[in-house]
Amino acid sequence: MPAPQPAAKSWRAPLVAAPRGLTGVGLALGLAVLLSPGTGCRNANLASTLAQTPSYEPADQTRCGVTRSHSRPLIIEWPAHDRSELETLVAEGGRMVAVRYEGCEMELLRGCTAPGSYRYQGVQPKREDYLFKRADDLYAKIPLGAANLEAELERHGALSLGMTVVGRWQGGHGRPARVDLRGDCERATHVIAGLSVGAFRLSSEAGAEIRGEVGWMKAGAGAGSSAARGLARSDGELDACGDGREDSPPDGCRALLRVEVEAIREPAELAAARARQICPHDAALVEGGRFRASVGGLSEVPDFCLDREEVRVADYAACAAKGPCSEAATSARFKSSIAELAWASAHCNGDRTSKRRHPINCISWNQAAAYCQWVGGRLPTEVEWEWAARGGEQERTYAWGEQEPGPRLVNACGEECARARARLQPELKDVPEDMLPRTWLKLHDKKDGDVGTAKVGSYAAGRGRGQLADLAGNVWEWTASAEISYQTGEEGQIGWGGPDTGRRATRGGGFLSTDDADVRTTARRLRDVKDRRPDLGFRCAYDP
């Protein structure tokens with residue numbers, strides 16, 4: 001007598017070959033017995049039982065985790081009300097959406113947003129088809145809802161997903177920092193950076209079938225079992241996904257299919273990343289951020305490096321001797337009177353030995369750009385320049401802070417400058433200095449020690465954040481920004497406008513500045529790219 005067998009933990013349909021002589025009705029009757037109430041599996045579906053796959057339980061790891069493969073999860077099984085609300089938030093724009101994304105769960109955080117907005121971009125319709133036969137396939141592609149679909153997979157043997165993608169909502173670039181979030185964001189882990197749009201249909205496919213038809217195993221009239229029934233979910237209409245439009249998805253093809261998430265950068269991570277960034281010698285790292293610039297509105301500035309001092313006469317002379325730079329001019333060029341140009345030309349530093357530590361001046365925009373390229377940098381944009389001058393999020397009125405301008409803080413037009421300028425008037429040309437009018441325009445009533453430019457970095461008390469010198473006074477500074485950068489278009493969007501006017505923005509004020517507004521962090525003048533002025537120089541920026 002054979003030994004008794006241990007009881008099975010769960011019932012499995014035995015996969016056995018039919019004994020010899022048992023065919024046709026005999027085999028059908030045997031299967032019917034398995035399906036009878038006495039078998040202990042009253043509601044079992046034989047086809048789904050035959051189609052079941054082994055469970056996926058890898059040792060020492062879980063199925064869910066926000067890994068690289070899960071950074072672009074399908075959200076077709078996300079709760080309908082969340083998908084609907086997300087669709088509304090994305091279309092409204094204004095801010096980017098933050099979520100808590102842990103394991104196989106994603107929670108929409110309605111009270112937390114990140115800087116930026118979404119812009120729709122249509123694409124040529126693209127078809128994607130997936131066939132899921134194993135649980136790990138579900139968790140890899142559809143982590144949000146895979147647990148629910150796993151039961152359906154066991155019931156039906158296979159699941160089929162068909163999608164058509166017609167466009168995507170694209171958010172801002174780069175990972176957001178926690179300090180940039182707004183609202184109740186304590187539980188936020190990620191920001192949705194992009195979303196695919198289109199339509200989908202998810203349905204079951206049979207891994208095995210038993211039908212009550214002639215030619216199949218016939219257990220009785222009308223009897224049969226199918227694992228192909230019971231699952232059909234969709235959003236949008238696949239037939240409606242025609243050619244993608246540039247401005248919005250087609251009607252009937254607006255379902256959100258996939259999200260792209262970016263992990264929020266934590267303060268410690270930011271600090272470590274910045275510690276690894278290397279700026280050129282004598283350049284400071286300016287940590288990026290978002291602010292409302294004086295021109296151009298809300299702006300986002302990434303990390304960049306900026307020269308601590310203005311480019312000196314000796315620096316530029318080296319480029320002229322060894323590099324692509326043309327020699328610095330010794331005469332000024334801009335629209336003015338003959339007397340004004342003669343006085344200005346006398347204050348061009350050129351390559352004078354006595355001025356080697358002074359800022360190079362009387363330099364055109366193209367000459368400045370060529371020098372920065374030679375040293376491996378570029379001219380800063382005026383948004384970058386203003387962000388650095390303001391001390392980033394400190395939003396300083398002046399580069400040094402809030403103290404009113406004075407002779408220790410900035411090389412602007414003081415007593416010496418005012419008297420020198422007065423002599424340009426023909427009627428005052430031969431008047432002794434002590435007889436000159438004392439009411440000539442000037443920024444302050446004291447002497448700062450310089451009529452023209454000063455040695456770079458001379459006004460230590462006026463240094464900005466990061467020990468950036470002469471962000472106010474000495475010489476105005478060329479930037480990379482053209483005048484058209486901030487013209488407003490028909491729809492009020494920044495960056496529209498006509499052709500390049502040939503003028504570039506300059507920032508910071510110079511030794512001729514007589515107005516407080518000229519030495520503030522928001523000071524701005526437009527100059528022709530060919531202008532050469534004694535109160536105009538530059539410094540370079542670098543990408544870390």
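Which residues does Leu270 touch, not counting residues up to four places away in sequence? The structure examined here is a predicted model, in which local features need pLDDT of at least 70, side-chain atom pairs count only at pLDDT 80 or more, and totals for chains, interfaces and linings use all residues. Residues are numbered from 1 along each chain as its sequence is written, and side-chain values use heavy atoms, with hydrogens and water left out.

Leu270 touches Ala177 and Arg265, where contact means heavy atoms within 4.5 Å. Leu270 sits in helix H6; helices (H or I, at least four residues) and strands (E, at least two) are DSSP runs, numbered from the N terminus. With a relative accessible area of 9%, Leu270 is buried. Here buried means under 20% relative accessible area, exposed over 50%, and partly exposed in between (1.4 Å probe, protein chains only). Ala177 is 93 residues away from Leu270 along the chain, yet the C-alpha atoms of the two are separated by 7.8 Å.

Attention now turns to the cysteines. A disulfide is a covalent bond between the sulfur atoms of two cysteines, and the criterion used is a pair of cysteine sulfur atoms within 2.5 Å. A search of the whole structure finds 6 disulfides. One of them joins Cys241 to Cys253, with an S to S distance of 1.9 Å. Both cysteines lie in the loop between strand S9 (232-235) and strand S10 (255-263), so the bond ties together parts that are 12 residues apart in sequence. The link of Cys241 and Cys253 is right-handed, with 100° about the S-S bond, and both residues are buried.

A disulfide also joins Cys279 to Cys305, at 2.0 Å from S to S. This pair links distant parts of the chain, 26 residues apart: Cys279 is in the loop between helix H6 (267-276) and strand S11 (283-286), and Cys305 is in strand S14 (residues 304-307). The link of Cys279 and Cys305 is left-handed, with -70° about the S-S bond. Cys305 has a relative accessible area of 0% and is therefore buried.

Cys348 and Cys362 form a further disulfide, with an S to S distance of 1.9 Å. Both lie in the loop between helix H8 (338-345) and helix H9 (365-374), so parts that are 14 residues apart in sequence are tied together. This link of Cys348 and Cys362 is left-handed, with -80° about the S-S bond. Cys348 counts as buried at 0% relative accessibility, and Cys362 is buried with a relative accessible area of 0%.

Finally, there is a sheet to explore. In the order S17-S16-S15-S18, 4 strands form an open sheet with mixed pairing; two strands pair if DSSP finds at least two bridges between them. S17 and strand S18 (536-537) stand at the edges, each with a single partner strand, so one side of each is left without a neighbour in the sheet. S16 and strand S17 (residues 524-528) run antiparallel, joined by 5 bridges, and Ala505 has Leu526 in S17 as its bridge partner. Strand S15 (residues 476-482) pairs with S16 in the antiparallel sense over 3 bridges, with Glu477 opposite Arg507 in S16. S15 and S18 run parallel and are joined by 2 bridges; here Glu477 stands opposite Gly537 in S18.

Strand S16 (residues 503-507) is largely enclosed by the rest of the structure, because 4 of its 5 residues are buried. Helix H10 (residues 382-389) lies across S15, S16 and S17, running at about 5° to S16. For such angles, axes are lines fitted to C-alpha atoms, for helices over the stretch in contact, and angles run from 0 to 180 degrees between N-to-C directions.
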